[in-house]
Amino acid sequence: MTPDQFAIISSLAHKEAGLVFPVSKSALVSSRLVKRLRETSIVNFDDYCQFVSSSDGKNELRLMISALTTNISSFFRENHHFEFLKTDVFPDLARRAKAGNRIRIWSAGCSVGMEAYSIGMTLLEILPQASSLDVKILASDIDPKVLIVGKNGTYDERQLSAIPQELRKKYFDNPSSTELGKFQAHPDLLSLTTFRELNLLEKWPISGNFDIIFCRNTVIYFDDKTQNKLWPRFQNALAPEGWLFVGHSERVPETSNTDFENRGMTIYRRSPRPTT
Ligand SMILES: C[S@@+](CC[C@H](N)C(=O)[O-])C[C@H]1O[C@@H](n2cnc3c(N)ncnc32)[C@H](O)[C@@H]1O
């Protein structure tokens, strides 16, 4: 891939999805797109750049973004967040859910669903009847490919090994009927969770406020300007005293113009009396 071709691809990835690729990632970008060239039968990067820049190439642009995203995830990644949910967040939420209140949780940049299902398992341990109450977990991502895996809720032994044994037995003991060596999530977990394609840079078609938002290891791929536009949007999508969890190398800066209070490592809480 030439520097000019890289400039076209990286500027499209930035404009469409907020993704930032420094020149040092040129080889990575090129290797991630080789398969797209093969699948579109386009023989060189010049023609590919022209195609994804054209109005006819809109669908391919979506597939290009999908190929360029980093989808690494694991169950109970950054486990201190799930411990915090267990001790500081879910007991109160469970009381409110049992009293008939609406509880909404969002895993934004959910990848293949391991984050959303880890939240779900943690919740079901405290509120086993959650799936029959007004409790929902929204799992969203820009990449349609990972959403298919998430919706299916089917994972192999290696992926499931990060789940504590007891929970694994309880929630992933059901061998997949279609994929050998894989196990599917328990129906309660599946029915708690809804997967939806959503680009964080665009309008969020969501109604009502969330009690908890997880957006972890996603904005790290964006530049400061894009990140800074997102913090107030997350704030406004949360209910008063709602919680925001970010990834280990992400921070809501002091200058973010939000009412978030830092309540633990990479954990933020919206003020009880929102200013906006
Ligand atoms: C590294 S994964 C993080 C998965 C999970 N949150 C975790 O921490 O394990 C980052 C995810 O963000 C998604 N993503 C990247 N840009 C996005 C955008 N503009 N809108 C929504 N999702 C995006 C990617 O497709 C990818 O699945």
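The model is predicted. A search of the whole structure finds 2 cavities of 30 Å³ or more. Rolling a probe the size of a water molecule over the atoms shows where empty space is left.

**Largest cavity**

- The volume of the largest cavity is about 340 Å³.
- Its lining is made up of 24 residues.
- Of these lining residues, T70, G109, D141, N217 and T218 lie nearest the centre of the largest cavity.
- By residue class, the lining of the largest cavity comprises 10 nonpolar, 10 polar and 4 charged residues.

**Second largest cavity**

- The second largest cavity has a computed volume of about 40 Å³.
- The residues lining the second largest cavity are L19, V20, F21, L68, T69, T70 and Y221.
- This lining divides into 5 nonpolar and 2 polar residues, with no charged residue.
- T70 lines the second largest cavity and is also among the residues nearest the centre of the largest cavity.

**Residue Q227**

- Q227 belongs to helix α11, which spans residues 224-237.
- Q227 counts as buried because its relative accessible area is 13%, and the cut-off for a buried residue is under 20%.
- A polar atom of the Q227 side chain lies 3.4 Å from the backbone oxygen of F222.
- Leaving aside residues up to four places away in sequence, Q227 touches V219, I220 and F222.

Terms used
Residues are numbered from 1 along each chain as its sequence is written. This is a predicted model: local features need pLDDT of at least 70, side-chain atom pairs count only at pLDDT 80 or more; totals for chains, interfaces and linings use all residues. Side-chain values use heavy atoms; hydrogens and water are left out. On a 1 Å grid over the protein atoms alone, a cavity is a set of points where a 1.4 Å probe fits but cannot get out, and a pocket is an open set with protein on both sides within 12 Å along at least five of seven lines; lining residues have an atom within 4 Å of a point. Grid points are joined across faces, edges and corners, and a volume is the space filled by probe spheres set on the points. Ala, Val, Leu, Ile, Met, Phe, Trp, Tyr, Cys and Pro count as nonpolar, Asp, Glu, Lys and Arg as charged, and the others, Gly among them, as polar. Helices (H or I, at least four residues) and strands (E, at least two) are DSSP runs, numbered from the N terminus. Buried means under 20% relative accessible area, exposed over 50%, partly exposed in between (1.4 Å probe, protein chains only). A polar contact is a pair of N or O atoms within 3.5 Å; within protein, one must be able to donate a hydrogen and the other to accept it, and residues adjacent in sequence count only if both atoms are side-chain atoms. Contact means heavy atoms within 4.5 Å.
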